[in-house]
Amino acid sequence: MELPRSTATPSRRAFTLLLTTAPLALSVGRAARADSPVASHAIAMHGAPALPAGFPHLPYADPDAPKGGRIVFGIQGTFDSLNPLVVLGVAPDAVPKYVQQSLLYRSADEPFTAYGLLASKVELDADRRQIAFEIDPRARFSDGKPVTAQDVLFTYEMLKAKGKPYHRSSLGGVSRAAAPSPSRVEFALGNGANRELPLVIATMPIFAAHATDAERFGETSFKPALGSGPYAVAEVRPGESLTLRRRADFWGADLPVMRGLFNADEIRYDFYRDANALFEAFKAGLYDVRLEGEPTRWMTGYDIPAVREGRIKRQTLHFDTPKGMTGLVYNTRRPLFSDIRVREALGLLFDFEWVNRNLFYGVYRRAGSFFSDSDLSALGVAADERETALLAPFPGAVREDVLTGRWRPTETDGSGRDREQARKALALLEEAGFTLRDGALRNRRDEPFAFEIMVTSRPQERLALNFAQSLARLGVTANVRLIDDVQYWRRLSAFDFDMIQWTWPAPASPGNEQIGRWGSANAERKGSLNYAGVKSPAIDAVLKAMLGARQKEDFVATVRALDRLLVSGFYVVPLYYLPDTWLAHSRDVVMTGRQPAYFLSNETLARLPQPPAPAN
């Protein structure tokens, strides 16, 4: 599978969605009350998990899926590490996904429900202040040693100290962790305000304490973590490929959450330097599954013999997850973009109608929300009483037209030279202290308005050049710079850019990952996803309310309030989104079972058995 650039690792995808659950009682460090409910097999976002205890397999998994063969995924770029959970390095998601396991396993059929994996039981009190896990006595690492509560505590401490900013921030909310026995681990979660924290703990990949060097954990390394998962790393060719092989001694093959999943005997990640080489390799059959994100390729690039002859299959899939935001991101740490009037003005000059028709066959929809196509979106919806109350302490943080649902992204005449939008933009720029003199926009010190758009692929470059042409008509110089993958990620982690194109996927239930994207504490924290440098007391307050929301109605109100604040801040030039997912794959590789509701689970992929060769 070709992985989308912005979702290449779990740390970029993040662990999304909010946790609420049916009441369960736990007493950390003392005996539970007599009326405490029994431990559960799962925890869910709202209400009870959809599947009862003792369910045979996940509904979208086929326990009779064919086993064997090899599945090859293709990735644009390179890698210099196997650990995507640390700030340094560029790493694929292979090890946390296939080699390591977490306490609970997330279902792709529910907004956020997680079922027992390394932990056979979980206990959570009604206020989300305490959670405990019972480790399955069968759980083993690949070296045969048992998974214990000490491994969980070791992982928690290591990620909190040296992991990605997401884990450092989230796990910092744990007030106490203990292992009263080798099979039981308990966490006290402070005042319970962060109601997603139990699932952050439940879904962190568990490291083996006896085989992990905590002191060097934050360094780049090609040494894979020792895991308890269905695969082990078999071969590493730095920057070229990564091969994993299914373990014959995998302890959890018969667990309900594992039946019908992880079907291939071998999984290989192949890396390609640029998008064209990646696509040509797919057409040649060098890898098996491709998520297509380029309309031009989808519309015209698949008119090839392999498709016409049925060797490559194409599918259009629809998932219930909200559509996220793809935009040109302002680095507001730069003085040039610190003025909101400047950011709004430049956004007026993006001609979506022309771009969509001439570059993308009209298949995109204009982004006007960070949670499009869902009830979490504030676009076209007036704020209700809950939202108004949330935003009341921050007058002016949300524009009036955004608050009332009247705001819409700029609509142009589609000519590529909309004079009305140019006039509006110039008026805002003049208010911000810029004037057009001798064909160049200049500030009061007579310095020209110039910045760099950093891109890492030809499609990004094409879009950025189009935007730069629009800006040039107002005397703005936007230099487009295409750089290699390694340099791109290093500069991104250090916030060393003026503007980039980025996509923030939208989870079905936003949670802690939103703090990483927009929280003030992450604005200067290297490696965070707060690329825009957002520092807003209003956003911080709404994020806190979102993580503490107990009822679905309150939760929706907080997310909509966040959406309004982000839109009102003009931190990005909203671009577009695809309403569906385009999937192309070899006819020999199929998604077994049925399509999950919320996201594509490549764990369901299987290679069909090959017919025997004809006898001579």
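Colleague: At what distance does the side chain of Asp-418 reach the backbone nitrogen of Glu-420?
Modeller: This is a predicted model, in which local features need pLDDT of at least 70 and side-chain atom pairs count only at pLDDT 80 or more, while totals for chains, interfaces and linings use all residues. Residues are numbered from 1 along each chain as its sequence is written, and side-chain values use heavy atoms, with hydrogens and water left out. A polar contact is a pair of N or O atoms within 3.5 Å; within protein, one must be able to donate a hydrogen and the other to accept it, and residues adjacent in sequence count only if both atoms are side-chain atoms. For the side chain of Asp-418 and the backbone nitrogen of Glu-420, the distance is 3.0 Å.

Colleague: How far from Asp-418 is the nearest side chain of opposite charge?
Modeller: Lys and Arg count as positive and Asp and Glu as negative, with His and the chain ends not counted. A salt bridge needs a side-chain nitrogen of Lys or Arg within 4 Å of a carboxyl oxygen of Asp or Glu. Asp-418 has none, although it is buried (under 20% relative accessible area; exposed is over 50%, partly exposed in between; 1.4 Å probe, protein chains only). The nearest side chain of opposite charge is Arg-423, at 6.6 Å.

Colleague: Which residues does Asp-418 touch, not counting those up to four places away in sequence?
Modeller: Contact means heavy atoms within 4.5 Å. With the sequence neighbours set aside, Asp-418 touches Thr-412 and Asp-413.

Colleague: In what order do the 5 strands of the open sheet run, and which are its edge strands?
Modeller: Two strands pair if DSSP finds at least two bridges between them. The pairing in this sheet is mixed, and the order is β19-β18-β20-β14-β21. Two strands pair on one side only, and these edge strands are β19 (477-482) and β21 (572-574).

Colleague: Which residue in β21 is the bridge partner of Leu-328?
Modeller: Strand β14 (residues 325-330) and β21 run antiparallel and are joined by 3 bridges. In β21, the partner of Leu-328 is Val-573.

Colleague: What angle does helix α14 make with β19?
Modeller: Helix α14 (residues 458-472) packs on the sheet, touching β14, β18, β19, β20 (499-504) and β21. Its direction and that of β19 make an angle of about 170°.

Colleague: Why is α9 described as largely enclosed, and what covers its buried residues?
Modeller: It is largely enclosed by the rest of the structure because 7 of its 9 residues are buried. Those buried residues are Val-342, Arg-343, Glu-344, Ala-345, Leu-346, Gly-347 and Leu-348. Their cover includes β14, α13, β18, α14, α18 (552-569) and β21.

Colleague: Which residues point each way from β11?
Modeller: In a regular strand the side chains alternate between the two faces of the sheet. Strand β11 (residues 266-272) has 7 of its 7 residues buried, so the rest of the structure largely encloses it. One way point Glu-266, Arg-268, Asp-270 and Tyr-272; the other way point Ile-267, Tyr-269 and Phe-271.

Colleague: Which residue stands opposite Phe-271 in β11?
Modeller: Strand β2 (residues 70-76) pairs with β11 in the parallel sense over 7 bridges. Opposite Phe-271 stands Ile-75.

Colleague: Which residue stands opposite Glu-186 in β8?
Modeller: Strand β8 (residues 184-188) has 5 of its 5 residues buried. Strand β6 (residues 130-135) runs antiparallel to β8 and is joined to it by 5 bridges. The residue opposite Glu-186 is Ala-132.

Colleague: How many residues lie between β7 and β8 in their hairpin?
Modeller: Strand β7 (residues 176-181) is antiparallel to β8, with 4 bridges joining them. Between the two strands of the hairpin there are 2 residues.

Methods
Axes fitted to C-alpha atoms, helices over the stretch in contact; angles between N-to-C directions.
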